[in-house]
Amino acid sequence: MKKLKEEIQFNCSADELWSILSDVGRCDWVPTIEKITLEGDCRHFEMSGMGQITEKILKKDHASMTLQYSAIQTPAPIEHHLATMQVAPLNDRECTLSWTTEISPDIFADGIHQGMIISIEGLKKICKDEING
């Protein structure tokens, strides 16, 4: 099993970043997803190049600003997937995002990591656009 980690500083408040991440039906910051459908604690979407995916939201804790989810149905033969995103304030206008993903088999790690990096860039753009109005 591979464990991937990205820790990024954002030029927005922790509350602003958390409001984007905690809206689990929002996908404007993920360039490869056009629409998410929510059904109970699951979100369904089609990801460019991957196909239909279902993720289960395991934790959405507003107090600790932590979102945890797992891909439970994918076209690829993934044995284990667990992602955790946690937002932490640095000050009133800056925060950090810690995003870890466990993935097995290891062969899928590079693709998952690229998806994380692309999504982080999308998050940065959304935060910048929302702050600048």
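Trainee: Where is Pro-105 found?

Mentor: Look in the loop between β7 (95-104) and α2 (109-131). Helices (H or I, at least four residues) and strands (E, at least two) are DSSP runs, numbered from the N terminus. Do keep in mind that this model is predicted: local features need pLDDT of at least 70, side-chain atom pairs count only at pLDDT 80 or more, and totals for chains, interfaces and linings use all residues.

Trainee: What makes the peptide bond from Ser-104 to Pro-105 cis?

Mentor: Its omega, which is near 0°. Most peptide bonds are trans, and most residues other than glycine have a negative phi. Met-65 has a phi near 50°, a positive value in a residue other than glycine.

Trainee: Where is Met-65 found, and why is Met-65 called buried?

Mentor: Met-65 sits in the loop between β4 (51-61) and β5 (66-73). Buried means under 20% relative accessible area, exposed over 50%, and partly exposed in between (1.4 Å probe, protein chains only). Met-65 has 11% relative accessibility, so it counts as buried.

Trainee: Why does Ser-13 count as buried, and what does Ser-13 touch?

Mentor: Ser-13 has 16% relative accessibility, and therefore it counts as buried. This residue lies in the loop between β1 (2-10) and α1. Leaving aside residues up to four places away in sequence, Ser-13 touches Asp-92, Arg-93, Glu-94 and Cys-95; contact means heavy atoms within 4.5 Å.

Trainee: Which residues are buried in helix α1, and how do you know on which side of α1 they are?

Mentor: In α1 (residues 14-21), the buried ones are Ala-14, Leu-17, Trp-18, Ile-20 and Leu-21. They cover an arc of only 155° around the axis, so they are on the same side of α1. That arc is taken from the directions from the helix axis to the C-beta atoms.

Trainee: How do you know whether the radius of gyration of the protein chain agrees with a compact globule?

Mentor: The radius is taken over C-alpha atoms, and the globule rule is 2.2 Å times the number of residues to the power 0.38. For 133 residues, that gives a value near 14 Å; the protein chain has 14 Å, so the two agree. Of these 133 residues, 44% count as buried.

Trainee: How many helices and strands does the protein chain have?

Mentor: There are 2 helices and 7 strands, in the pattern β-α-β-β-β-β-β-β-α along the sequence.

Key. Residues are numbered from 1 along each chain as its sequence is written. Side-chain values use heavy atoms; hydrogens and water are left out.
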